Amino acid sequence: MSTVTDAWAWLTDPAHWAGDDGIAHRLLQHLALTVVCLAVSCLIALPVALVLGHLGKGGALAVNISNVGRAVPTFAVLVLLLLTPVGRWGEGPTVVALVLFAVPPLLTNAYVGMRGVDRDVVQAARGMGMIGRQLLFRVELPLALPMVLTGVRIAAVQLVATATIAALAGGGGLGRIITAGFNLASTPQVVAGAVLVAVFALAVEAVFVAVERLAPARARGDGR
Amino acid sequence: MTGPPDDCLARNEWICGAYLSTRRHILLDAVLQHLQLTGLSVLIGLAVAVPLAVLARRWKGAAGPVLAVTTVLYTIPSLAMFSLLLPLYGLSATLVVAGLVLYSLTLLVRNILAGLRAVPEETRQAALGMGYGPARLLLTVELPLALPAAMAGLRIATVSAVSLVTIGAIVGFGGLGNLIYAGMNTYFKAQVLTASVLCVVIAVAADLLLLGLQRLLTPWTRTART
């Protein structure tokens, strides 16, 4: 039990919260990385997935890219990027790796959501004279929204995890507290950092669950 | 006087045949450790997941908590998971296996439970009508029918475990991850690329192996399709 009290003591020491290596700064870094990379990944993945889903093309690619993403170790990608010219540019490897691992779940879920829209509804909309763009934005996208949101939630949790691993390859974020703890052979610091990361990840998941609950019934997929 | 050898190792190239031939034993040891860590954790995860899923299926009240706990476990990033286990296991291979077991468990329980729930009620009733007891119903009807879903979970769990073993490098037991970690610190391009490629090769090979096993175990799914 002494480890728990030691970790708690480490966490509540004000000295560990201040400064460039402090908890507050690392927390902000982690949050900024997650939010910025989630926005970038959505901007890249969602238009592609929506258009592919609308046209019904590239399904094999959109679905299999998630399996490929799972087989490639995050850590390996981070180190490979670090050794390329991208590595000289500060947080470059972290940002590129984060986006690379957030795109597959976004792409797959949005595509599956678009293809899951009832074909009869699409036919009916076509029969009412809707053109492609109207069909996409006013029929398919609203009906696919629950799956798109699920993809965003999975991507966000994935981003938090990847940003943690980035610390192994010299990136910023909460993972740095853990790696610094390992270097100092300080178990309390390692555990304290791990608790911070775990709480952060669970908080991100909770925010998305809350958003899904508060969203209009139409976006939840159960109130049709 | 001879200068340093001018081969791909000295030039620190990404792809290097000399690296493969001179570091064969290091690579082989790392691959073996990688396979051991992955195999052990997936097998333990499977041994724990099957009873848990059956339990959650039998007692409706248990399903909620079991799924909630597995969701929370799966949300915790791998580096944090290994770190949280540090006070319990220290810097050991057991720590890596324990962390990986928790992740495999999560994926397996969800998939096996989904498979068990998808068994048609008519099928269960028919078996009961033929005089099957609960144990025989589970072993000869429900589990075989849940097999395709369970195998899908096993494939995802195995591929994820192969990739997550690399994070074990933080405690010195990461299989090929150790080589990536060392290669990062020494800027050794050939080592990082070779180890990374081997990781992906292991993951793909394991996935195909399990797919083959699934085909062998569930011949009825193929005859139904043709």
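Student: Before that, what kind of model is it, and what cut-offs apply?

Tutor: It's a predicted model, where local features need pLDDT of at least 70, side-chain atom pairs count only at pLDDT 80 or more, and totals for chains, interfaces and linings use all residues. Residues are numbered from 1 along each chain as its sequence is written, chains are lettered from A and ligands numbered from 1 in the order in which they are written, and side-chain values use heavy atoms, with hydrogens and water left out.

Student: OK, how many residues of chain B are in contact with chain A?

Tutor: 36 residues of chain B are in contact with 33 residues of chain A, contact being heavy atoms within 4.5 Å.

Student: And what area is buried between chain B and chain A?

Tutor: About 3000 Å², with carbon and sulfur atoms giving 84% of it. Buried area here is the accessible area (1.4 Å probe) that two parts lose on being put together, summed over both. On the chain B side, Thr75(B), Leu79(B) and Met184(B) lose the most area to chain A, together 19% of what that side buries.

Student: Which helices of chain B supply at least two residues each to that side?

Tutor: H3 (60-75), H4 (78-84), H5 (86-89), H8 (134-164), H9 (176-186) and H10 (189-217) of chain B. Helices are DSSP runs (H or I, at least four residues), numbered from the N terminus. H10(B) gives the most, with 7 residues.

Student: How do the residues on that side divide into nonpolar, polar and charged?

Tutor: For the side of chain B that touches chain A, it's 26 nonpolar, 9 polar and 1 charged. Ala, Val, Leu, Ile, Met, Phe, Trp, Tyr, Cys and Pro count as nonpolar, Asp, Glu, Lys and Arg as charged, and the others, Gly among them, as polar.

Student: How many salt bridges cross the interface of chain B and chain A?

Tutor: The rule finds 0 there, a salt bridge being a side-chain nitrogen of Lys or Arg within 4 Å of a carboxyl oxygen of Asp or Glu. Over all chains the count comes to 8.

Student: Where does Arg153(A) sit, and which residue 52 residues away does it link with?

Tutor: Arg153(A) is in helix H7 (residues 132-165) of chain A, and its partner Glu205(A) is in helix H9 (residues 187-214) of chain A. Their side chains meet in a salt bridge at 3.2 Å, N to O. Both Arg153(A) and Glu205(A) are buried, that is, under 20% relative accessible area, with exposed meaning over 50% and partly exposed in between (1.4 Å probe, protein chains only).

Student: What about Glu212(A)?

Tutor: Arg153(A) also meets Glu212(A) in a salt bridge, at 3.4 Å, N to O. Glu212(A) is in H9 of chain A and Arg153(A) in H7, so the pair ties together parts that are 59 residues apart in sequence. Glu212(A) is partly exposed, at 23% relative accessible area, while Arg153(A) comes out at 18%.

Student: Moving to chain B, which residue forms a salt bridge with Asp207(B)?

Tutor: Arg155(B), with the closest N and O atoms 2.9 Å apart. The pair connects H8 and H10 of chain B across 52 residues. Both ends are partly exposed: Arg155(B) has a relative accessible area of 21% and Asp207(B) 22%. There's also a network of salt bridges linking Arg58(B), Glu121(B), Arg124(B) and Glu142(B).

Student: Switching topic: is Ile112(B) buried or exposed?

Tutor: Ile112(B) is buried, at 4% relative accessibility. This residue lies in helix H6 (residues 93-117) of chain B. Leaving aside neighbours within four places in sequence, Ile112(B) is in contact with Ala49(B), Val50(B), Ala53(B), Ala146(B) and Ala150(B).

Student: And how many residues of H5(A) are buried?

Tutor: 19 of the 24, so H5(A) is largely enclosed by the rest of the structure. That helix covers residues 92-115 and reaches 35 Å from its first C-alpha to its last, close to the 34 Å expected at 1.5 Å a residue (1.5 Å times one less than the number of residues).

Student: Last one: which phi does Ala185(A) have?

Tutor: Ala185(A) has a positive phi of about 55° although it is not a glycine. Ala185(A) sits in the loop between H8 (175-183) and H9 of chain A and is exposed, at 66% relative accessibility. Asn12(B) likewise has a positive phi of about 55° without being a glycine, and its place is in the segment before helix H1 (17-22) of chain B.
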